[in-house]
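Subject: Structure handover

Hello,

I am passing this structure on to you. Please open it and keep it in view while you read my notes.

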Amino acid sequence: MTDKQTLHKPQVLSRQSVARSRLFHIESLDLRFSNGAERTFERLTGSDQGAVMIIAMPDPDHVLLIREYAAGFEDYVLTLPKGLVDPGEDIITAANRELMEECGFGARHIEPLVELSLAPNYMRHRMQVLLATDLYPKRLPGDEPEPLIVETHALEELSALLMRDDFHEARAIAALFIARDTLRQRRYIEPTLAW
């Protein structure tokens, strides 16, 4: 097995723009690998500002999920609030803004949990997952075409969520498991942790 120290990144021979839309950019990369093999890879890029996904907890046992239209599936899905980081924002500010726009809550405490990617062979996209607690009512206008339905679900009942036909976004599933396990560990280590 090769470890990271012996890997050499391929040389980029050429980079070409294939297509561009309001949200996405498709690039073609001609690469030469360290063994001499040459290949063309295509990748989808988006905003270089990044994106956030929020695990918003109104109490220590529950999480807020949103129901929104997913054009990729042409149906409504259940997922976590999320969105792009606007120019000039840090991830904490972006997460709080998205939470206010999509769920009608702000958070007094927001902390980064993990960074996730999606299909890294084809996409240059990273999502910062943040845990938001100590929520308070606060609504900001967002860019959603219709009001989102906000649901409250028990964090310890992830297996029941996974059985649903409308809950299948891999990033949201991974984020919830990471949050659940992080909170379990904190409660074990710090059982008197104030919420």
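Start with Glu68. Glu68 has 18% relative accessibility, so it counts as buried, the cut-off being under 20%. Please keep in mind that this is a predicted model.

Glu68 sits in strand 5. Its side chain makes a polar contact with the side chain of Lys82, at 3.1 Å. Leaving out residues up to four places away in sequence, Glu68 touches Asp75, Tyr76, Val77, Thr79, Lys82 and Leu148.

Next, the nonpolar cores. In soluble globular proteins, nonpolar side chains tend to be buried together. The largest nonpolar core here has 22 residues. Which of them touch the most other members? They are Ile55, Leu80, Phe167 and Leu176. At least two residues of this core come from each of strand 4 (51-56), strand 5 (62-70), strand 10 (126-137), helix 2 (158-162) and helix 3 (170-189). Helix 3 gives the most, with 6 residues.

Look at Phe167 up close. Setting aside residues up to four places away in sequence, Phe167 touches Leu65, Leu78, Leu161, Leu162, Ala172, Ile173 and Leu176. Another core, of 16 residues, lies apart from the largest one. Ile54, Ala94, Ala95 and Leu135 are among its members.

Four strands form an open sheet in the order 1-2-3-9, and the pairing is mixed. Strand 1 (11-20) and strand 9 (123-124) are at the edges. Each has a single partner strand, so one side of each is left without a neighbour in the sheet. Strand 1 pairs with strand 2 (residues 25-32) in the antiparallel sense, over 8 bridges. For Ser17, the bridge partner in strand 2 is Glu27.

Last, two backbone angles to check. Most residues other than glycine have a negative phi. Glu74 has a positive phi, near 55°. Glu74 lies in the loop between strand 5 and strand 6 (75-79). Is Glu74 buried or exposed? At 64% relative accessibility, Glu74 counts as exposed.

Asp134 also has a positive phi, near 55°. Its place is in strand 10. With a relative accessible area of 36%, Asp134 is partly exposed.

Best wishes

Terms used
Residues are numbered from 1 along each chain as its sequence is written. This is a predicted model: local features need pLDDT of at least 70, side-chain atom pairs count only at pLDDT 80 or more; totals for chains, interfaces and linings use all residues. Side-chain values use heavy atoms; hydrogens and water are left out. Two strands pair if DSSP finds at least two bridges between them. A nonpolar core is a set of buried Ala, Val, Leu, Ile, Met, Phe, Trp, Tyr and Cys residues joined through side-chain atoms within 4.5 Å. Buried means under 20% relative accessible area, exposed over 50%, partly exposed in between (1.4 Å probe, protein chains only). Contact means heavy atoms within 4.5 Å. A polar contact is a pair of N or O atoms within 3.5 Å; within protein, one must be able to donate a hydrogen and the other to accept it, and residues adjacent in sequence count only if both atoms are side-chain atoms.
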